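Hi everyone, thanks for coming.

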Amino acid sequence: MYSALSPYRIITVCTGNICRSPMAQLMLTEAFDAGGLGGAVVVDSAGTTSYEAGHPIDPRAARVLSAHRIRSEGHIARSWREEWFRERDLILALDVDHYGWLHEAAPDSESLAKIRMLRSFDPAVAGRSTLDLGIEDPWYGGHHDFDVTWDLIKAAVPGIVASTRDVLAARQHAQHPDPQQVRSIS
């Protein structure tokens, strides 16, 4: 159904890329696959720092994902690279400090337009201030904090999938306009 030339690329961003952003990456990947968009959307993740680069996902994050039948063994943390501003279509910050960091690092207005808070897609908090949309770092807490992180990400996933589906449909329409509309324009 979606035969765009290149996949729609989403990246999730947190501090070290071992807790929140890989959880969001893997949860979104699962949702896109379940929604039949797996071939049209690619999701990856990164951290704003290199503190954890090369390390696996936090075991507590892996536990929560595994409890929901999402595998995480292959995740290796990495830090943000500037070229991803150009190469990604949607950049999702997990907390306000990541959002601010990305805004400061963005090289141009086109890149700035791609940056969103992940929770801005949650209808329960849509329209709230960016300051109210963060997901606190569960790394400092216990298992319960990772469950809360799961819940907050999960609430935004349907909105991200729906928004992406709309973007893909618009791309498809732009690539293959309705012949009736082409005739009426000419």
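Let's start with α1 and α2, which are roughly parallel to each other, because angles under 35 degrees count as roughly parallel, over 145 as roughly antiparallel, 65 to 115 as roughly perpendicular and the rest as oblique. Before I go on, please keep in mind that this is a predicted model, where local features need pLDDT of at least 70 and side-chain atom pairs count only at pLDDT 80 or more, while totals for chains, interfaces and linings use all residues. Residues are numbered from 1 along each chain as its sequence is written, and side-chain values use heavy atoms, with hydrogens and water left out.

Helices here are DSSP runs (H or I, at least four residues), numbered from the N terminus. The axes of α1 and α2 cross at roughly 20° and come within 10 Å; axes are lines fitted to C-alpha atoms over the stretch in contact, with angles from 0 to 180 degrees between N-to-C directions. Who touches whom? On the α1 side we have M23, L26 and M27, and they meet A61, V64 and L65 of α2, where contact means heavy atoms within 4.5 Å. By class, that contact has 6 nonpolar residues, with no polar and no charged ones. For the classes, Ala, Val, Leu, Ile, Met, Phe, Trp, Tyr, Cys and Pro count as nonpolar, Asp, Glu, Lys and Arg as charged, and the others, Gly among them, as polar.

Now bring in α6, residues 143-175. Helix α1, residues 20-34, crosses α6 at roughly 45°, with the axes coming within 9 Å, so the two are oblique to each other. Among the α1 residues that meet α6 are M23, M27 and F32. This contact divides into 12 nonpolar, 2 polar and 2 charged residues.

What about α2, residues 59-67, against α6? They pack at an angle of about 55°, with axes 9 Å apart, and are therefore oblique as well. Here R60, A61, R63, V64 and L65 meet H143, F146, D147 and W150. By class, we find 5 nonpolar, 1 polar and 3 charged residues.

Finally, the pocket. Which residues lie nearest the centre of the largest pocket? They are T15, G16, E52, D137 and W139, out of 13 lining residues. The lining divides into 6 nonpolar, 4 polar and 3 charged residues.

How values were computed. On a 1 Å grid over the protein atoms alone, a cavity is a set of points where a 1.4 Å probe fits but cannot get out, and a pocket is an open set with protein on both sides within 12 Å along at least five of seven lines; lining residues have an atom within 4 Å of a point.
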